[in-house]
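Hello,

Here is the structure we talked about handing over. Please open it first, then read my notes below.

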Amino acid sequence: MTLAFSGWVYEAARMNIFRLTGDLTHLMSIIVLLLKIHTIKSCAGISLKTQELYALVFATRYLDIFTTYISLYNTVMKLIFLGTSFSIVWYMRRHKTVRLSYDKNNDTFRHYFLVLPCFLLALVLNNRFTVREVLWTFSLYLEAVAIIPQLVLLQRSKNVDNLTGNYVFFLGAYRGFYLINWIYRYFTENHYRRWITWMAGIVQTALYVDFFYYYFKSWKNNEKLKLPA
C-alpha cells in the first residue's frame with residue numbers, strides 16, 4: 001500500500017504544475033460535495049441532472065480502464081472519478097435522508113437534450129471513427145455542457161450556500177487550470193495539438209465566467225453568494 005501510494009505521488013510530481021493543480025482542484029470539488037452530503041446529509045442546491053451527466057461522462061471516457069494501463073496515477077484518478085460520480089447519483093436518488101433535500105421542483109432543465117447533440121457531434125467531429133474514440137470525444141463534448149443544469153438551478157435558488165458555491169468554484173477552476181496546462185504544453189512540447197479537447201475546454205470554461213464574477217464579488221464584499229435570475 002505504501003509503495004503504491006509512493007508511486008502515485010512520484011507520478012504526480014512528474015506532471016507540470018498546471019495539470020496537477022487542475023486535477024487536485026477537480027478532486028477538491030468532489031471532496032467538498034461529498035463533505036456536504038455526508039456531514040449535513042443534504043444535497044440542497046445540487047443538480048441531480050448535472051451529476052447524472054458527469055456519471056455518463058466518466059463512464060464513456062474511461063472504457064479503457066481495464067484494458068489500457070498508462071500509469072498508477074491515471075488509473076487511481078479514473079477509479080476515483082467513476083466511483084464518486086455514481087455514488088453521488090445514488091445518494092441523491094436512493095439515500096433515505098439525502099434524497100429528501102433534493103430540489104426537484106427547480107432542477108427541471110431537460111438534460112437529455114444535451115446528450116443527443118453531443119453524441120451526434122462526436123460522430124461527425126472526432127480523431128478516429130472507432131467506438132472507443134467516438135465515445136471518448138462524446139465525453140468531452142458532454143462534459144463541456146454538463147454544468148448547465150447546475151448553473152440553472154443556482155440561478156433559480158438565488159441564495160447559494162457556501163459548500164455548493166465552493167463546489168462549483170473548484171469545478172470551474174479545474175477546467176481553468178487545464179486551459180493553462182494546454183497553453184503551457186503547446187509552447188513546450190513539439191507537435192502538441194488537441195483541437196477537439198481545446199474547443200470543448202474553452203466552451204466549458206466560458207460557461208463559468210458569470211458564476212466566477214458573482215463568486216468573487218460575494219467573497220470580496222463578504223456577502224452570501226447570490227446569482228441573478
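Asn222 counts as exposed, at 72% relative accessibility. The cut-off for that label is over 50%. Please keep in mind that this is a predicted model. Asn222 sits in the loop between helix H10 (209–220) and strand S2 (225–226). Its backbone deserves a look: phi of Asn222 is near 55 degrees, a positive value in a residue other than glycine. Most residues other than glycine have a negative phi.

His191 also has a positive phi, of about 60 degrees, although it is not a glycine. You will find His191 in the loop between H8 and helix H9 (195–206). His191 is exposed, with a relative accessible area of 75%.

**The chain as a whole**

The protein chain has 10 helices and two strands. Along the sequence the pattern runs α-α-α-α-α-α-α-β-α-α-α-β. The C-alpha trace spans about 45 × 45 × 35 Å along its principal axes. Does the radius of gyration of 18 Å agree or disagree with a compact globule? It agrees, because a compact globule of 229 residues would have a radius of gyration near 17 Å.

Buried residues make up 48% of the 229 residues. Now take the contacts with a separation of 6 or more: 76% of them are between residues 24 or more positions apart.

**H5 against H6**

Start with helix H5 (residues 112–124) and helix H6 (residues 131–145). They pack at an angle of about 135 degrees, and their axes are 8 Å apart. H5 and H6 are therefore oblique to each other. Their crossing is right-handed.

Which residues meet here? H5 brings Leu114, Val115, Cys118, Phe119, Leu121, Ala122 and Leu123. H6 answers with Val134, Leu135, Thr137, Phe138, Tyr141, Leu142 and Val145. By class, the contact of H5 with H6 divides into 13 nonpolar residues, one polar and no charged.

**H3 against H6**

H6 also packs with helix H3 (residues 48–61), at an angle of about 155 degrees and with the axes 8 Å apart. That makes H3 roughly antiparallel to H6. The crossing of H3 and H6 is left-handed.

On the H3 side the contact uses Leu53, Tyr54, Leu56, Val57, Thr60 and Arg61. On the H6 side it uses Leu135, Trp136, Phe138, Ser139, Leu140, Leu142 and Glu143. This contact has nine nonpolar, two polar and two charged residues.

Leaving out residues up to four places away in sequence, Leu135 touches Thr60, Leu63 and Phe119. Leu135 and Val57 are 78 residues apart in sequence, yet 9.0 Å apart in space, C-alpha to C-alpha.

**H7 against H8**

Next come helix H7 (residues 148–157) and helix H8 (residues 162–188). The angle between them is about 145 degrees, with their axes 12 Å apart. H7 and H8 cross in a left-handed way. H7 makes the contact through Gln150, Leu151 and Leu154. H8 makes it through Thr164, Tyr167 and Val168. By class, four of these residues are nonpolar, two are polar and none is charged.

Ile31 lies in helix H2 (residues 17–39). Is Ile31 buried, exposed or partly exposed? Partly exposed, because its relative accessible area is 45%.

**One more residue**

Thr75 is in helix H4 (residues 72–94). Its relative accessible area is 18%, so Thr75 is buried. The cut-off there is under 20%. Setting aside neighbours within four places in sequence, Thr75 is in contact with Ile65 and Tyr69.

Best wishes

Technical notes
Residues numbered from 1 in each chain as written. Predicted model: local features only at pLDDT ≥ 70, side-chain atom pairs only at ≥ 80, totals over all residues. Heavy atoms only, no water. Helix = DSSP H or I, 4+ residues; strand = E, 2+ residues; numbered from the N terminus. Buried < 20%, exposed > 50% of the residue type's maximum accessible area, 1.4 Å probe, protein only. Contact = heavy atoms within 4.5 Å. Axes fitted to C-alpha atoms, helices over the stretch in contact; angles between N-to-C directions. Left-handed = near helix turned anticlockwise from the far one by under 90°. Nonpolar A, V, L, I, M, F, W, Y, C, P; charged D, E, K, R; others polar. Parallel < 35°, antiparallel > 145°, perpendicular 65-115°, else oblique. Rg over C-alpha atoms; globule rule 2.2 N^0.38 Å.
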